[in-house]
Amino acid sequence: MILLAEHFVRAPQWLWYILFYFFLAGLAAGSYVLATILRVAGGPRDEPAARLGYYIALPATLLCPILLTADLGVSWSRFWHMLIDTTPGETGLNFKYWSPMSVGVWALLVFGFFVAVSALDTWARDRQGRANGLLGAGGGRIFNIVGSVIGLFVLSYTGVLLSVSNQPVWSDTWALGGLFLASGLSGAAALITLLVRYRPEASFSLERLRLADGYFAILELALLVAFFATVAIAGSAGRTLTWLPLWILVLVGIGASMLGVRRPARLQASGESVAVAPVAMEATVVSILVLLAVLAMRAAVIFSAQ
Amino acid sequence: MAPTIKAGESYGFFTDTSICIGCKACEVACKEWNQLEGNSPNFLDSFDNTGQLDAQNWRHVKMLDQVPDQSITSGNGTAWLLMSDVCKHCKHASCMEVCPTGAIIRTEFDTVFIQQDVCNGCRNCIAACPYSVIGMNQQTGTAHKCTLCYDRLQAGKQPACAQACPTQSIQFGPLADLQKAADVRLEALHTQGVTQAQLYGRDDKVYGGLNAFFLLMDKPETYGLPNAENAGLPSRNNIGGYLGALVTGVVAVVAGLVAFRRRGAA
C-alpha cells in the first residue's frame, strides 16, 4: 500500500459527457440486473416491474455510446477505432483485458445487444400476449441472467477504469468499482419506483424495491467508508473533500434509501387506501433524492481528480 | 557527431541537468522542427514562461528557484535547478498500457509514439501518464507528445533538441552508450564532492527504465518526478478494483434475491 502517494499527472478533462455516461450506464445496467432478479426471485405479480426495468434499460443504454462518442477528440469518424486497430500492418480487433476502457467498450456493445433483445422480448410479452416472450420461459431466463452478468460488469467497470490510471484519488483506492455498482443498483431501484406511476400493476413490487434499495444503500455506505479510508491513507482526502456539498447529497440519498429497510413503504396496489397518496409522495421524494445522490457521487469522484 | 541510426536498436536521451543553462534552445528547436505553434507565453514566477509539457511543448526547461530569499553570505544559495524535461519513452509505458485504440506503439527505435491517424482523442493516456507529458491538440482532437523526432530518426538524423543543445546537456544516442556516459558523469560528479547528483531512470526501478533518463541534482520529487515507490503502472489497480466490484456484485445480487424472494405473495 502506498502511503501519501505523490502524483504529478495531468487531468484528462473527462467532464460532463462522462459524468452523464457514468450515470446512465449505472441506471441502465442497474435496471436490467434488478429486472432479472425480480423475474428470478419474485413471483408472477413481480413481472410488470421486471418489464419496466427491461424497458428503462433500452433508452438509457442507447444514450451511452452517444455520450462516449461525443466526448472523443475525433468523435464521429473514429469512435470505431476503439474496436478495430487501424495501425498499418497490425490491423485487427482491439482488445486489451488489462485496459478497462478497452474491455468496457466491448462489454457495452454486448450489453446493448442483450438490452435490445430483452426490450423486444418484453414488448412481445406485453403486446402480443406471449407469456414466455420470444425466447421461451427457460431460454429467456438464461438470456436475462447472462445479460445481467454483463450488466454487473457495466455497472462497475467505470469505477475500475478511473482507478486504472495515475490520477490522485482515482488510483489511490480499490473501492470505486464496487461503489459505482452499489450506487447504480440503488439508483435503478429508485428509477423503477419513480416510473411505476406509468405502469400501476407494477406497484405490487414497490415495497420490496424499497427494501432492495435499502440493502444496496448499506452496501454503498460500507464502500464509501472504504473509499475515504483508502484515499485518506494515500493523502488525497483533501482533494475529494473540496466537493463536500456533493458528498453530503450522497449521504442524504443513502440515508433516504436506508430508511426503506427499517420502514418499507406500504404501497401495494391493494385498493384505494387513504394512506396511498402521502406514501406515494414520500416514495417519489426518496427516489428523486436517491437519483440525485447517484449523480452527485459520480460527480464528486470525477471532479476530485480534476 | 550524431551516431549512425539503425532500426531495431534502442535509442534515447540522456539529459544531464547539471550542465543545463536554461537557454531553451531545445524548446525552440523542437517547435521549429515539429511545427508546433506553442501556447501564448505565461508570465510565471521564474524565467519559465512555457509552464509545462503538453501538446504544444514537447521539451520544457523546468526552472526551479532555490535561491534563498535572504543571502547571508555571497554564494551560499544553491541557485537554480534547471532541467530540460521531455517524454521519458518508458520501457513500461503507462500511456501505451491503457490506450484502447492501439494508437500508441513502440517504434523500430524502441521509442513510444502516438500514431495520429489512429488516435481518437479518448484521453486515457493523459489520465495514465505519470509525468504529465501528453496533451490534447485542440486542432486535431488527438493526443500529442514528443516523438523523439521519429521522422528525423528515419532519415538518420538525431532529434532536433539534442542537436541544438549548446552544452550537451541533452545527449542522444544508443541507450547502452548513453547509460555508460551517464555512469562516467555520475562518478566524476561524486568524485568532485557533488554527492546530491543522482541518475533517474537509468536502471529499471522506474517504469522498467526510461529511454529518456536524467542526471538530477536533487531528489526526483523536487523536479516533479515520481520516485521509485510512487512509480506504479495503471494496471496495478486492475485486480483490486475488479475484486472489490466482484465481491460487491455477489453481495448485491444476494441482497436483491433476499429482498425479492417472496414469490407471488399477494
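Predicted model: local features only at pLDDT ≥ 70, side-chain atom pairs only at ≥ 80, totals over all residues.
1. Residues are numbered from 1 along each chain as its sequence is written, and chains are lettered from A and ligands numbered from 1 in the order in which they are written.

2. Now for the strands around that bridge. β9(B) pairs with β10 (residues 212–216) of chain B in the antiparallel sense, over three bridges; two strands pair if DSSP finds at least two bridges between them. Both belong to an open sheet of four strands with mixed pairing, in the order β8-β1-β10-β9 (chain B). At the edges are β8 (170–174) and β9 (198–200) of chain B, each pairing on one side only. From one strand to the next, the twist averages 20 degrees.

3. Stepping back to the whole of chain B, you will find seven helices and 10 strands. These are DSSP runs numbered from the N terminus, with helices being H or I of at least four residues and strands E of at least two. Along the principal axes, the C-alpha atoms of chain B fill a box of roughly 90 × 50 × 40 Å. Of its 266 residues, 47% count as buried, that is, 20 or more other C-beta atoms lie within 10 Å of the residue's own, with C-beta atoms placed from the backbone.

4. Where do chains A and B meet? The contact takes 61 residues from chain A and 55 residues from chain B; residues are in contact if their C-beta atoms, placed from the backbone, lie within 7 Å. On the side of chain A that touches chain B, α7(A) gives the most, with seven residues. By class, that side has 33 nonpolar, 19 polar and nine charged residues. Here Ala, Val, Leu, Ile, Met, Phe, Trp, Tyr, Cys and Pro count as nonpolar, Asp, Glu, Lys and Arg as charged, and the others, Gly among them, as polar.

5. Finally, look at a helix pair in chain A. The axes of α1(A) and α2 (residues 47–71) of chain A come within 7 Å and cross at roughly 155 degrees; axes are lines fitted to C-alpha atoms, for helices over the stretch in contact, and angles run from 0 to 180 degrees between N-to-C directions. That makes α1(A) roughly antiparallel to α2(A), a label for angles over 145 degrees. The residues of this contact divide into 23 nonpolar, three polar and three charged.

Note on methods: Buried ≥ 20, exposed ≤ 12 C-beta atoms within 10 Å, placed from the backbone. Contact = placed C-beta atoms within 7 Å. Parallel < 35°, antiparallel > 145°, perpendicular 65-115°, else oblique.
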